[in-house]
Amino acid sequence: MKKIEAIIKPFKLDDVREALGEIGVNGMTVQEVKGFGRQKGHTELYRGAEYMVDFLPKVKIDLVIADELVDQAIEAIVDIARTGKIGDGKIFVTDVERVIRIRTGEENEDAI
């Protein structure tokens, strides 16, 4: 099993969720987050005063999936979330040793 953490632009969330659902991903956790990478934020104008916005709004998607779905999930996220502009996001893939469903006690593949 693998854990995929994808940080994407907020307006891409619904499309990414749909694409993941189409390949069989049936659960995820989504968080609204703020951060920056190479784009380093931007300046905005408010009531005539310019100020720096250091952290940009992003969405973080966490999902744990079977190994055989990993490449399809990554491809779906990249295809949908890519705008070609700076700040499209990142995907992190890590190994998951064990998963337990609290309600039933099911473990690993049965628990996801």
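Five salt bridges are waiting in this structure, a salt bridge being a side-chain nitrogen of Lys or Arg within 4 Å of a carboxyl oxygen of Asp or Glu. Bear in mind that this is a predicted model, where local features need pLDDT of at least 70 and side-chain atom pairs pLDDT 80 or more, while totals for chains, interfaces and linings use all residues. Residues are numbered from 1 along each chain as its sequence is written, and side-chain values use heavy atoms, with hydrogens and water left out.

**Stop 1: the salt bridges**

Select K60 and E5, whose side chains form a salt bridge at 3.1 Å, N to O. K60 sits in strand β5 (residues 56-65) and E5 in strand β1 (residues 2-8), so this pair ties together parts 55 residues apart in sequence. Strands here are DSSP runs of E, at least two residues, and helices are runs of H or I, at least four, both numbered from the N terminus. E5 is buried, at 19% relative accessibility; buried means under 20% relative accessible area, exposed over 50%, and partly exposed in between (1.4 Å probe, protein chains only).

Now jump to R98 and E107, with their closest N and O atoms 2.9 Å apart. R98 is exposed at 52%, whereas E107 is partly exposed at 33%.

**Stop 2: the sheet**

Show the strands next. You'll find an open sheet of four, in the order β2-β5-β1-β6, with antiparallel pairing; two strands pair if DSSP finds at least two bridges between them. At the edges are β2 (29-35) and β6, each pairing on one side only. Click T29 and look across to D62, its bridge partner in β5. Helix α1 packs on this sheet and touches β1, β2 and β5, contact being heavy atoms within 4.5 Å.

**Stop 3: helix α2**

Finish by selecting residues 70-81, helix α2.

Which residues of α2 are buried? Colour V70, A73, A76, I77 and A81. They cover an arc of only 130° around the axis, so they lie on the same side of α2; that arc is taken from the directions from the helix axis to the C-beta atoms. Covering them are, among others, β1, α1 (13-22), β5 and β6 (89-95).

Terms used. Axes are lines fitted to C-alpha atoms, for helices over the stretch in contact, and angles run from 0 to 180 degrees between N-to-C directions.
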